[in-house]
Amino acid sequence: MYEALLKATPEYQKIAASFAKPGPAALFGLPPAGRALLYAALQKDLGRVLCIVTPGEAEATHFADDLKALGLSAAVFPPRDFMLRPVEGAGREYEYRRLSVLGSLAGGRLNAVCVPAEALLQYTVPRDEFLKNTLTLKPGMVYNREGLVARLFAAGYVRRSQVDGPGQFSVRGDIVDIYAPDMRQPARVEYWDDEIDSISSFDLLTQRRDSALDKIYLSPAREVLFGDTAETAEALRAAIKKARGRHRTALEKATEADLAQLDSGLMPEAMDKYYGLRYPDPATLLDHLDAPLFILDEVGGIRDAQKATEFRRSEELTGLLEEGVLCPGLDVLYQTMDDLAASAQKQSTLLCENFLRGMNEFKLKDLINAEAFAAPNWNGDLASLREDLDPLIAQGYAVTLFSGTPKGAAALTRDLADKGYSVSMSRDVRPTKGIVQVLPGHLTAGCTFPFAHAAVLSSRRHGLEEETAAETKKRKKNKNALSSLSDIKPGDYVVHQSHGIGMYAGIQRLEVQGATKDYLKVQYSGSDVLYVPVTQLDLLSRYTAPGDEEKVKLAKLGGAEWQRTRAKVKKATEEMAQELIELYARRRQATGYAFPPDGDWQRDFETRFDYDETDDQLNATAEIKQDMEKGYPMDRLLCGDVGVGKTEVALRAAFKCVMGGKQCAILAPTTLLAWQHYNTILSRMEAFPVKVEMMSRFRTAKQQKETLRGLQSGSVDIVVGTHRLLSKDVKFHDLGLVIIDEEQRFGVKHKEKLKENFIGVDMLTLSATPIPRTLNMAMSGIRDLSTIEQPPIERQPVETFVLEYNDVILAEAMKKELARGGQVYYLHNRVDNIEACAAHVSKLVPGARIGIAHGKMTEEKLNPVWQHLLNGEIDILVCTTLIETGIDVRNCNTLIIEDADRMGLAQLYQIRGRVGRSGRKAYAYFTFRRDKTLTDIAQKRLSAIREFTAFGSGFRIAMRICKFAVQAVFWATASTATWRPWATTST
């Protein structure tokens, strides 16, 4: 409706007419929310793709979200850091996101691209190269499998034994699994000879097929495409041959290490520096667009951001040139602000600013003023909404109101109609004075357009979208995630569900009943052989029992030994299940407290949250509240990545507990995390009459005695503490809820003691990577499970690098972080020489303010360190794994870990979550010692942490750990008489 009113105004018509010919026009007066509404109307009216350039990624993300709410398909094209130095491995999350956008543009699936100026001015793969390396596959199509593999290598895909993420493919007999960067789910291509028999999507966790697909588009997986290693080496040598004099010498030095790696058959990670050699005619995102609606939003902000970016890049490239990592000709990677101004002259361009500012670098063809005003979001209270609506309607405005879910929109429509407003839920309602149009959805903010007599208002995000809720339910139905298939190679021991332990002997092609297909050959005891069709691959799993594999006894086909083993394991499983079920049945049968429904104070507390909740947070909160309002004790696991908002969900449960007249205990594994939770709760609940205390070594004996008296008398509502809360002298007046944070850090005895002490009390457990036993019980339904996978709106994945320790690279990383006003965690996990390490770091980054923190420091020494860090008075904190549990410093966005190969997968993942907790891009460098031979386990661990960069990966990591633990216990049981998995898997 607002669009029709806008289009009828002279201001809009002047703006639309400016896109009829090249050159920039300037628009002033519209706030950001109003500009998003205008851009959506222009795209629908003119039918051309929007290209909105912003100062940073946060602004681009806001525009993309608003355009999606307004019915457009929109995406963010992010900037990335080119890999120019040699590293062992690096996450490619940002490169895949860029390629995904290019693929969607090539397929005509986008109406709008929102791009930070830094990303627009970075070179990318040219359009003709992108299209040349894009492939469409359909069932029934004849396409040689070997040809497909060669095509995937040429397009930059990496071959893996099992597909774990984008940019990968795997081949198992007649099955080729592929995960293109722009796919929502990976695809499985099954062959019948050279014909594609079927194509289907499959689940990344279970590796099981989901639904059939009519066709798939395979776009490139790299922006710099050379082909295979031999072709790449040939191209580099050809470039060296063409060079002359000093340039040739410099080029030989810059390519020496990479050529050695290529000659050994390995593709170097840092191929971005050869962009200029590979593509003589460089290209940017604009080259992938045909006559776009080119918009520079906040030109002054873009100019300032680019000035800082170009200065940083200049310093970086100068250092690389001086070191010989680059040479002239290999530094062709970026455009400048001057190039952006030239592009604005060539395209049909709109320059937007809220206020009139100088634009001397542009030759303006028109100047347009359209004054509008931002309208803040309303919090769901009908009375406050009416206070906003009534003046607008009195002035003859037509109002469009975005109100969350479809159910919420229907309810609001009824409420407003009951109050006498003229309301409609139709998207095609005819705009008239005083009418209120109610639609589902959310915007960043609303806007009033006086020149159009139109207003758009939006609610705060306070409920789940029905579509998202349905997807969440669908995801939770997947309880077979522990059955993901382990990959096998000839010589590995495998287990067939029906026939037992055998030795995998490779793939063999056989003709059976006139059909030639691939079969897995499995050798059993004696000369017995079993051929398993590759389509039944899920019947096999890898034998993973601990111990000497030379003593493994192969099963005999047709014998009864395997059936006896299965019966033995089944009996032990049933005994274990019975014990666990009895334990949890006692809790379920115990008389709990049914908390009352939410009141006004609860709603007020939740609306005071400073950020927009994600749908996953809202869903988890609703599930926890439903449990608390039942008459039996809650026992729920809340699983979510570090930094996705588990603490806020827990605080809402704690507040509900206090509002119900009960006490709440929050248990944290470390003094530091307890101290941080204590301060967070004080800040969140300062407007309410809630008394909060803490029990830890940060409290004096006198303070602890006062807290104990308050807990027993009932004057203390919430207590935060460490293991101290489990002491015998801690007695509660009326405890209603226990929250355990970082569950994986507590021992079994501590948790079982809690269960015994508080049989009738609600229990909420928080973890990013729960231990196998906890996860197994949740997945099997013994415990309830809620998951949070969505990151906060502005959060970005952490760019991860795995490399040999290198002073030059790490010094550059730290200097780069400090140059943008950030702080650094430098993890050195040895207390005995941590001061020497700090001195070394000080030499690497002269002038940096260095702090030290480790677990052996006293409270008096440790407290000031955290305070200085939070106040920005420490630039680089040299620390131990002390930072693992929950410390939240939003300005720390670079993490360096020494000897990362000596740490566990879940621990590395947890520590990486200490950075990237704001809207700023973060970096993690996992290093290992020079010339050190990594164990197979360490290599797999570091590979996994590099690959699992997407949000929600904590759950996948826990699944992987759980899978290995369950398999080890299962096969150990086959040779032991007693099975006690809770004693084996909970360490």
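1. The side chain of Asp528 has a polar atom 3.3 Å from the backbone nitrogen of Leu557, where a polar contact is a pair of N or O atoms within 3.5 Å, one of which, within protein, must be able to donate a hydrogen and the other to accept it, residues adjacent in sequence counting only if both atoms are side-chain atoms. The model is a predicted one, in which local features need pLDDT of at least 70 and side-chain atom pairs count only at pLDDT 80 or more, while totals for chains, interfaces and linings use all residues. Residues are numbered from 1 along each chain as its sequence is written, and side-chain values use heavy atoms, with hydrogens and water left out.

2. Asp528 belongs to the loop between strand E25 (515-523) and strand E26 (529-533); helices (H or I, at least four residues) and strands (E, at least two) are DSSP runs, numbered from the N terminus. Is Asp528 buried or exposed? Asp528 is buried, yet it has no salt bridge, and Lys556, the nearest side chain of opposite charge, is 4.2 Å away. Here buried means under 20% relative accessible area, exposed over 50%, and partly exposed in between, with a 1.4 Å probe and protein chains only. A salt bridge is a side-chain nitrogen of Lys or Arg within 4 Å of a carboxyl oxygen of Asp or Glu, and for charge Lys and Arg count as positive and Asp and Glu as negative, with His and the chain ends not counted. Apart from neighbours within four places in sequence, Asp528 is in contact (heavy atoms within 4.5 Å) with Val522, Gln523, Lys556 and Leu557.

3. Pro116 is part of strand E5 (residues 112-116), and Pro116 is buried because its relative accessible area is 2%. Not counting residues up to four places away in sequence, Pro116 touches Val53, Thr54, Gly56, Glu57, Ala60, Phe77 and Pro79. The C-alpha atoms of Pro116 and Asp297 are separated by 9.8 Å, although the two residues are 181 residues apart along the chain.

4. Strand E22 (residues 454-458) is largely enclosed by the rest of the structure, because five of its five residues are buried. In a regular strand the side chains alternate between the two faces of the sheet. In E22, Ala454, Val456 and Ser458 point one way and Ala455 and Leu457 the other way, all of them buried. Two strands pair if DSSP finds at least two bridges between them; strand E18 (residues 398-402) runs parallel to E22 and is joined to it by five bridges, whereas strand E21 (residues 446-449) runs antiparallel to E22 and is joined to it by three. Ala455 of E22 is the bridge partner of Val399 and also stands opposite Thr448.

5. E21 and E22 form a hairpin with four residues between them, and His453, in the loop between these strands, has a positive phi near 50 degrees although it is a residue other than glycine. His453 is partly exposed, as its relative accessible area is 39%. Ala291, in the loop between helix H11 (275-278) and strand E14 (293-297), likewise is not a glycine and has a positive phi of about 45 degrees; its relative accessible area of 46% makes Ala291 partly exposed.

6. Strand E10 (residues 187-192) and strand E11 (residues 195-202) pair in the antiparallel sense over six bridges, and they form a hairpin with two residues between them, in whose turn Asp193 has a positive phi of about 60 degrees. Ser200 in E11 is the bridge partner of Arg188, and Ser200 has Ala212 as its bridge partner in E12.
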